[in-house]
Amino acid sequence: MNRARELFSNPWRKHRFLALYTWFYLAWAIVPVIIAIGFSFNAGRSRSVWQGFSLRWWIHDPDLSVVNDPILIDAIRQSLILAAATMAIATPIGVALALGLARWRGRGSGSSNFLMLLPLVTPEIVLATGIFFTLVYLYPWPNPGTTGQIVGHVTWSIPYVVVVLRGRIFGVGPELEEAAMDLGAPPLDALRRVLLPVLAPAVFAAFMIVFALSIDDFVTSQFLATDLNTQTVPMLIYSAGRTAPNPALNATATLMLVISLGAVGIGIAGMRGLAKRQGVGAAGTDMTGFEFSAGQTAHQGQ
């Protein structure tokens, strides 16, 4: 009884079942994905009965394989176009916004930091609906379609860039810029030649995070799509998976999963490599200071 009481009452005990819980969660989350990937190599059309290993749904089927189905190819191309454009537009804007919010002192800075976080806490379907009605009824351009989808993706991607960059900016502090300006560097040169190189790991990570978020998006892309030419891979999987599913969809989803994981992996590796070259500590600390820095800025703004 004493051992049982100690097991459940001592908060500092060795967590005997933590590993078991962890492995159970990993199996629950990952095994279905592995099964879906496995059936992309199924020789038959079934997505529940294994009929032998084959690359039919990747390259061999003349009509329905990933490399031969024009609908799949167009969806992959559209997803890549949106992800690349969002990455190229949202990241520079997010970097500039993070710098401005981090250096802003005075009335209104706390409210601005709060407003910047709104897209993160707003349900994506609400944000997508608002962007749709804005583009349709308030502005003559851009219209829903590829351009509208890019606008939508950029809108909700910018706060993620700001979160990553702000933590890094507050970790660096203003000392480097002040030292550069004390040595005669103009403010713009101090920013370009001192601060931005130090922020390079976080900027690179933000690029990859935005790419991975955009390429997997469904809600915003669906609201702002107009025809098959603006259909992305998540949209295709949702529509075709409910009507005429075949293992080619599994192959397409596997391809997009590899691209997303590759983007995140490249971001982590590049971030760590750049941080190591600069003599910075663990690259993951770029995210840790955001909550403190945001609260500090809000307090100073008040």
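1. The bend at a residue is taken here as the angle between axes fitted to the seven residues ending there and the seven starting there. By that criterion helix H7 has a kink of about 30° at Ser157, shortly before the proline Pro159. The model is a predicted one, in which local features need pLDDT of at least 70 and side-chain atom pairs count only at pLDDT 80 or more, whereas totals for chains, interfaces and linings use all residues. Residues are numbered from 1 along each chain as its sequence is written, and side-chain values use heavy atoms, with hydrogens and water left out.

2. The chain contains 13 helices and zero strands, where helices (H or I, at least four residues) and strands (E, at least two) are DSSP runs numbered from the N terminus. Of its 302 residues, 37% count as buried, a term that means under 20% relative accessible area, with exposed meaning over 50% and partly exposed lying in between (1.4 Å probe, protein chains only). The chain exposes about 17200 Å², of which carbon and sulfur atoms supply 68%; the areas come from the Shrake-Rupley method with a 1.4 Å probe, and for residues only the protein chains shown count as cover. Among contacts (heavy atoms within 4.5 Å) with a separation of 6 or more, residues 24 or more positions apart account for 70%.

3. Returning to H7 (residues 146-172), its 27 residues should span 39 Å at 1.5 Å a residue, and its end C-alpha atoms are 38 Å apart, which agrees; the expected span is 1.5 Å times one less than the number of residues. Because 20 of the 27 residues of H7 are buried, the helix is largely enclosed by the rest of the structure. Just after H7, Gly173 takes a positive phi of about 80°.

4. A nonpolar core is a set of buried Ala, Val, Leu, Ile, Met, Phe, Trp, Tyr and Cys residues joined through side-chain atoms within 4.5 Å. The largest one has 44 residues, and Leu165 and Leu199 have the most contacts inside it. Elements giving two or more residues to this core include H4, H7 and helix H9 (187-215), and the largest share, 13 residues, comes from H4. Leaving aside neighbours within four places in sequence, Leu165 is in contact with Val95, Ala98, Leu199, Ala202, Val203 and Ala206.

5. Two further residues deserve a look. Ala225, in the loop between helix H10 (219-224) and H11, is partly exposed, with a relative accessible area of 22%, and touches Gln149, Thr230 and Met235, not counting residues up to four places away in sequence. Ser260, found in helix H12, counts as buried at 7% relative accessibility.

6. The peptide bond from Trp141 to Pro142 is cis, with omega near 5°, and Pro142 lies in the loop between helix H6 (124-138) and H7. As background, most peptide bonds are trans.
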